[in-house]
Amino acid sequence: MNGAEVPTVQRWRGLAATSLTLLALALVLVVLTAPDRLDEMSPSAFLRLPVELVVLVALLLALPDRARRVRGLVVAAAGLVLGVLAVFKLLDLGFGQALNRPFDPMIDWRYASDLVGTVRGSAPGALGVVLLVVAGLVLLAALLVVPLALRRVCRSAVRHRPAAVRAVAVLLPLWLVLTLLGTRAGTVPIASDAAASYVLAQVTRVPSQLRDQREFARAAADDPARDTPAAELLTGLRGKDVLVVFVESYGRVALDDPDLAPGVVAALDDGTRRLADDGFRARSAWLTSPTFGAISWLAHATIQSGLWVDSQQRYDHLVTTDRETLSSLFGRAGWRTVASVPANDRDWPQGAFYGFDHVYDSRNVGYRGPRFGYPTMPDQFTLEAFQRAELAPRDRPPVMAEIDLISSHAPWSRTPDLLPQESVGDGSVYAGMPDMLPSEADIWPDAGRVRAAYADSIVYSLQSVVSFLSAYGDDDLVVVLLGDHQPATIVSGGSGRAPGHDVPVTVIAKDPAVVGALDPWGWDPGMRPSADAPVWRMDAFRDELLRTYGPEGHTGTARAVTR
């Protein structure tokens, strides 16, 4: 190699080293700023200044050169934390996509064997092996490559101390100013300590999670219903179709707030009269939901299990247990058990816990109409499809179902018009309707419009249930109609209101014995509970239902299991 070639080689080596350092810096910044949910991924999410890296570099620069060993230990520890952070974020992304929840390090490692089985079953042969190997390599790379990238960035900062000092001197005050000003890129704050907050939250929640998990596990295992013989279960409801119908965001505020109540109260009172004309009776009260504003599945799990499921941790643990649910108990007693979950557009792994014989979702109910914003289909169609699939056949066992109605889900725009029940069909009749209805952009600039739209959506859902019962209800139908939680704060909060967690609940039936068995509950007649109606915690409902309609609590004559 001649003398002229040496500088050229050195320049290329220097360029390669600089490029590698910049790539390492980019990787570190991505790990520090990346959201842990795919639906939050956007360019603005990465336009953040992570204070963690700036502070780490400042600490390393403050250490004297003779403290190289200490500096190395600090970088190694930080690299390990950053590598684990990268792994956890990747797992959060995967769990969010597959299970619609973040990864929980306290319980989710036990799913490893199930995950392997699922992947191998979904992609048999070599493809399944390749997918598992790739997934393992990605996690391993995150745990190994990210710490190496951080070490390279830190070494470069120490090696170029004057430039690094100037950068820290600019970036730390800049971060503080941006924090005080609350400067954002879209919805994302530019000054970020998200990584530190994420790590701190992961660490500090461990002791309380362990304690709560132990207490909840003991409660879940202590289930007297598990030992009840099938012949003694729900004898007072034998031969009845029992539907547990959740109305999304149907909270007490819909009846108590003077701005919201008129339309909702009118719909409930009109529904009571219409159903009475058809021979139905109703009893109503309040249930205290374990959740507020969202996370509906906590309420569903609470009703089903008879446990207070007020956190994702409890829910995630519950679905790994063999706790009896309302649906599994009905199934053990001879009912066909079904779930109708129109919001779901993918498989529902947790559904196996409930013991449903069949699950309907947006993919398999035959809907041929348009979406109405978030709701995949109108409530009227959800009920109509359930009637055709499960109640219309005559030679069948009785059905127990959980039906989730979602037309009243936030943002409460594009609420469908109520149609004659016989015209619903396959949903084609709704073609073009969403475009004629107020959109989210029309409603959300004004909180008053949001609240009015919420009330309208609740009215629609209630009218859909009444229309369904009027069209198809018979002597062997029992409906438990309830809300899952109060609506979001924009509707139920503010103005000094303290909305609480209460939701309405109504039991509707024609059989006098079924309704009469509820007399000891002291619930109000009709579909509208009064302000003084009894208030139960939602977790009390399962066992009260079992006692009331068990051999000792019910005095009516049991009917045959099949029809």
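Axes are lines fitted to C-alpha atoms, for helices over the stretch in contact, and angles run from 0 to 180 degrees between N-to-C directions. Helices (H or I, at least four residues) and strands (E, at least two) are DSSP runs, numbered from the N terminus. The model is predicted, with local features requiring pLDDT of at least 70 and side-chain atom pairs counted only at pLDDT 80 or more, while totals for chains, interfaces and linings use all residues. Residues are numbered from 1 along each chain as its sequence is written, and side-chain values use heavy atoms, with hydrogens and water left out.

**View 1. Helix α14 against helix α16.** The axes of α14 (residues 379–391) and α16 (residues 447–472) come within 9 Å and cross at roughly 30°. The two helices are therefore roughly parallel to each other (angles under 35 degrees count as roughly parallel, over 145 as roughly antiparallel, 65 to 115 as roughly perpendicular and the rest as oblique). Their crossing is right-handed, the near helix being turned clockwise from the far one by less than a right angle. Contact means heavy atoms within 4.5 Å. On the α14 side the contact residues are Asp379, Gln380, Leu383, Glu384, Gln387 and Leu391, and on the α16 side Tyr460, Ser461, Ser464, Val465, Ser467, Phe468 and Tyr472. Six of the residues in this contact are nonpolar, five polar and two charged (Ala, Val, Leu, Ile, Met, Phe, Trp, Tyr, Cys and Pro count as nonpolar, Asp, Glu, Lys and Arg as charged, and the others, Gly among them, as polar).

**View 2. Helix α9 against helix α16.** Helix α9 (residues 261–277) packs on α16 at an angle of about 5°, with the axes 9 Å apart. These helices, too, are therefore roughly parallel to each other. From α9 the contact takes in Gly263, Val264, Ala267, Leu268, Gly271, Arg274 and Leu275; from α16 it takes in Ala455, Ile458, Val459, Leu462, Val466, Ser467, Leu469 and Ser470. Ten of the residues in the contact are nonpolar, four are polar and one is charged.

**View 3. Aromatic pair Trp412–Tyr454.** Rings of Phe, Tyr and Trp (its six-membered ring) pair if their centres lie within 6.5 Å; planes under 30 degrees apart count as stacked, over 60 as edge-to-face and the rest as tilted. The count comes to 14 aromatic pairs. Trp412 and Tyr454 form an edge-to-face pair, 5.4 Å centre to centre with 80° between the planes. Trp412 lies in the loop between β9 (399–405) and α15 (440–443) and Tyr454 in helix α16, 42 residues apart. Both residues are buried (buried means under 20% relative accessible area, exposed over 50%, partly exposed in between, with a 1.4 Å probe and protein chains only).

**View 4. The loop between β9 and α15.** Ser407 is placed in this loop and is buried, with a relative accessible area of 4%. Beyond its neighbours within four places in sequence, Ser407 is in contact with Pro375, Met377, Pro378, Asp379, Pro416, Ser457, Tyr460 and Ser461. Pro411 is in the loop as well, and the peptide bond from Ala410 to Pro411 is cis, with omega near 15°.

**View 5. Buried residues of helix α19.** In α19 (residues 541–548) the buried residues are Phe541, Arg542, Leu545, Leu546 and Thr548. They pack against α10 (296–305), α12 (326–332), β10 (477–483) and β13 (535–537).
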